[in-house]
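Hi,

Here's the structure I said I'd pass along.

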Amino acid sequence: VHDRVLLTGARAPAPFAASFLTRPDRFPDEPAGSPCGDLAADLLLPAGPYRVRGLDAAQLGRIARRFGGFCVPGDAPGAAHRFLPLGDGDRRVADDVAVEIGGHDRGGAPSRTAPPAGRPAPVRPCDPEPPVALDVLAAPPRSFRRSVTPGWHYSFDLDAGPERVRLAGWGFCALLERRAGGRWRAGLWVAPGDRRGFLGSFVNLLRVLAAYRLLDAGGALLHSAAVADRGAGTLFVGRSGAGKSTVARQALARGLGVLSDELAALTPAPGGAAVSALPFAGDLEPARRPAPPLPLARVLLLAQARRDALVPVSAAQAVAAAAACAPWINADRHRTGALLDNLGRLLGAVPAARLEFTRDGGFWPLLAASGGTISSERSGAAGALTEAEAAA
Amino acid sequence: VTGSAAFGGGDAYRPRRDVRFRRIGEEAVVVRQEAPEVLVLNPVGARVLELLAGGEPLDAVGAKLAAEFEVAPAAAAADARAFAAELESAGVIEPAPEAETGR
């Protein structure tokens, strides 16, 4: 054993959801749920889209504001889906194919957002089930225990099985089911009227969904800062407190593009791997719009030190560090092998090094001098992702 | 003293239930979920784990190491024994029940 890294990520406590649900033993058979509303949106995340259904207007508004250009609301031109199947019969159909209710025009013309009153809604197949389909359901408020510890709203329990994953937190519970082809179908149960807690619950679930979906797409969700320069991406991998936000802020100050200061998506690409922005962030503002993935040029393992140095590491050391920073999946015994397989394929051919760094930013010239894609100095406006890179 | 005795007889080990590992290049990455931690094994350690996980008893592991790494059998036996002890103390492997090894 010549290297050792502590894992990050949630571990399933026992018993599941006892702190969050009044009847944790009944979930997912209970609580019952019905759609919160009949609105929908597509979230344009890597390996998506993620189709969100059953939203009421307030929920959709919060999601649209939070996710900016990643969110295509159902009423916007180009949206692929407008309606959640509402009835039991429709729901059975929706197990196999997505359905639309009402007069949705596949050509993109505006259409109704609800079936005409007093008339049965026609049901017809539309798109195949998207890579991720998420139904938002209203559950009786008594289903959830009340939060007794303010500030703990981002903690939750996760229970992973071979084909499904359960989550529960303050004011929500969720079920993720894996379907054929690595597609995922999810339900999010929330108490209607929990306006303040909804977005936190939704984002919690979305992070977990992204981790599972990316894995099935051959990729990984990694705790990492992702910096873009000259059309390529560099990943700075590190756990909480490793310095990801520090690196991201310094990159911005140097005029470099920043895709992420907290979580980035690693996906397969011709000839190697690609890195993409996600709408999740640490200390910085999250990305506001999707951008094409950038080819991954280098992986740097963050290690705070008293001096700046770049120490080459083996592919195995890079994979180990990345696995330690793959939240939820690295704690899921059903999927850790697949995670290692993916990381081995994606990082095996990418130059990797341990970046021993001080927080004063003295390491940037080292990166430029070492032949990576990051330039030593660059003028230009700082931004989350430069326009040229976004258009690349 | 036979080789088998030198290696601790036909002792067999298996990865613990919470362990997942993959070869990456010549090394191996080991995830221990109960710890929780990730380990990197050097090429010899990776090969020892791979052979043990494949059901090879410790004496056979030593013999294969001697052939593959072109070292003296006694040295390979000692290495195999030492690595197995290290992996066991690190929580990566555990003695395999006799039913699994056919002994």
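Between them, chain A and chain B bury about 2000 Å², and carbon and sulfur atoms account for 61% of that buried area. Keep in mind that this is a predicted model. The contact draws on 25 residues from chain A and 20 residues from chain B.

On the polar side of things, seven residue pairs are in polar contact between chain A and chain B, both partners being at pLDDT 80 or more. The interface also has one salt bridge by the rule used. That salt bridge pairs B:Arg22 with A:Asp341, and their closest N and O atoms sit 2.6 Å apart.

Which elements of chain A give two or more residues to the side that touches chain B? They are strand 1 (3–6), helix 5 (315–324) and helix 6 (336–347). Sorted by residue type, that side of chain A has twelve nonpolar, seven polar and six charged residues.

Now for chain A as a whole. The chain has 392 residues, and 56% of them are buried. Its secondary structure comes to eight helices and 20 strands. If you look at contacts in chain A with a separation of 6 or more, 70% of them are between residues 24 or more positions apart. As for the surface, chain A exposes about 15700 Å², with 53% of that supplied by carbon and sulfur atoms.

Cheers

Notes. Residues are numbered from 1 along each chain as its sequence is written. Chains are lettered from A and ligands numbered from 1 in the order in which they are written. This is a predicted model: local features need pLDDT of at least 70, side-chain atom pairs count only at pLDDT 80 or more; totals for chains, interfaces and linings use all residues. Side-chain values use heavy atoms; hydrogens and water are left out. Contact means heavy atoms within 4.5 Å. Buried area is the accessible area (1.4 Å probe) that two parts lose on being put together, summed over both. A salt bridge is a side-chain nitrogen of Lys or Arg within 4 Å of a carboxyl oxygen of Asp or Glu. A polar contact is a pair of N or O atoms within 3.5 Å; within protein, one must be able to donate a hydrogen and the other to accept it, and residues adjacent in sequence count only if both atoms are side-chain atoms. Helices (H or I, at least four residues) and strands (E, at least two) are DSSP runs, numbered from the N terminus. Ala, Val, Leu, Ile, Met, Phe, Trp, Tyr, Cys and Pro count as nonpolar, Asp, Glu, Lys and Arg as charged, and the others, Gly among them, as polar. Buried means under 20% relative accessible area, exposed over 50%, partly exposed in between (1.4 Å probe, protein chains only). Accessible areas come from the Shrake-Rupley method with a 1.4 Å probe; for residues, only the protein chains shown count as cover.
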